Amino acid sequence: MFKSEFYRFSWKDLGDIEAGRPNLGNLMNVAVYRLMQYTLRDVLNRHLSVEKATELLREAGKLAGTEFCANVLDRSLPFNGFVADLQEKLLSLKIGVMRVEKSDLGKMEFILTVDEDLDCSGLPLADETVCEYDEGFIAGVLEAYTGREFDAREVDCWASGERTCRFRVTARE
Amino acid sequence: MPDKNHQLEIRLLNEQLAHILHGERGETVETVNDLDPELNELGETVNRLVSAYNDMREFILSLAQGNLEVPPPLHNLLASPFKQLQASLLHLTWQTRQIAAGDYSQRVYFMGDFSTAFNSMVEALEEKRRTEILLREAQAKVKHLEGIIPICMYCKKIRDDMESWQQLEQYITEHSEALFSHGICPECYGKVRSDMGNKKAKVEATKKKP
């Protein structure tokens, strides 16, 4: 199934974690998550290209965001309630502390920050942004909620020395 | 023995550090000394510090004046905590606007005592709004009887807007949320009982007549 070229991700593929890990449970160390993400990036960079690797990570993030919205968030809420729900879920799942700095519902433009980000907070400073997976994730969540396509771009990142990750999110024309 | 240029460059660099310590803008100093590469290196480091400090200073001064939209200096580690502060202030500004627009679903997290105070305020405002809505709904349900009501001084019927005379109970039931439960007061009870006794006596007297 997973190794078929026809495989497409489905939320149920995450499995029954309680049944599968009765002793170790549902939690693990953040470093292990990063170990997977950055070793994957290493291999993708080497075998493809930095640009392609970045694109793939963003696309995977978008798929994750879409599925997360469909399976975890309450899409029936009005926008403000939806944002509060997203913020609360990201917090309770310890993904990060999301805050809204600006929102223009007319133009569908937002500026969001994520503190204590799962992907990057505490990384060595590298003078570059690294949260492409998050970019895709945010765009995916909003697309699944609104039905419109979004672009999310990280303009500040912990890794570039900004301490907080800031994303500029815009709906496509 | 250091040459004059060497001494001058060190003095200039020292002056820039003194400016920074006084909270003033510094100036970059050109240090090109063929004889002392270490001085050149020190000069470059001081210049980087001066540039980063100047950018940070402009940024924090704007922020202190309430200009939250000021673009943060990029890749400036000296300014990092201020950038985090700016992000928090922008978020709080957004939160406040949301509350002003009637959105009480947002909460502030991880800003110490401020989070507790702010969230308590939002919850109190939300509770107040809920109470106001309930009150408004209750008021909408209650019908008021106001003004002068024309009533018959003998039979106590009331004249309605359609010039028709209605029983008191019917009128009040139709114009308010009140309902009637019929009983009898002691005075009327005595009167009715007495009337009934009289009627009974009359009937018996009629029966006794041949």
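In this predicted model, chain A carries an open sheet built from 4 strands, laid out in the order β1-β2-β4-β3 with antiparallel pairing. The two edge positions go to β1 (97–104) and β3 of chain A; each has a single partner strand, so one side of each is left without a neighbour in the sheet. Neighbouring strands are turned by 20° against each other on average, direction ignored. As background, strands of a sheet pair through backbone hydrogen bonds, and they can do so in either a parallel or an antiparallel way.

Strand β4 of chain A (residues 165–171) is a handy place to look at the pairing in detail. Running antiparallel to β4(A), strand β2 (residues 109–115) of chain A is joined to it by 6 bridges. For A:Val114, the bridge partner in β4(A) is A:Cys165. Strand β3 (residues 150–156) of chain A is also linked to β4(A) through 6 bridges, and that pair runs antiparallel too. Here A:Asp151 finds its bridge partner in A:Thr170 of β4(A).

The sheet has a helix to go with it. Helix α5 of chain A, spanning residues 132–146, lies across β2, β3 and β4 of chain A. Relative to β3(A), helix α5(A) runs at about 145°.

Elsewhere in chain A, two helices pack against each other. Helix α2 (residues 30–47) and helix α3 (residues 50–72) of chain A meet at an angle of about 135°, and their axes are 7 Å apart. That angle makes α2(A) oblique to α3(A). The crossing of α2(A) past α3(A) is right-handed. On the α2(A) side, the contact is made by A:Arg41, A:Leu44 and A:Asn45, while α3(A) brings in A:Val50, A:Ala53, A:Leu56 and A:Leu57. Sorted by class, this helix contact comes out at 5 nonpolar, 1 polar and 1 charged residues.

The contact draws on 18 residues from chain A and 18 residues from chain B.

How values were computed:
Residues numbered from 1 in each chain as written. Chains lettered and ligands numbered in written order. Predicted model: local features only at pLDDT ≥ 70, side-chain atom pairs only at ≥ 80, totals over all residues. Contact = placed C-beta atoms within 7 Å. Pairing = 2+ DSSP bridges. Axes fitted to C-alpha atoms, helices over the stretch in contact; angles between N-to-C directions. Parallel < 35°, antiparallel > 145°, perpendicular 65-115°, else oblique. Left-handed = near helix turned anticlockwise from the far one by under 90°. Nonpolar A, V, L, I, M, F, W, Y, C, P; charged D, E, K, R; others polar.
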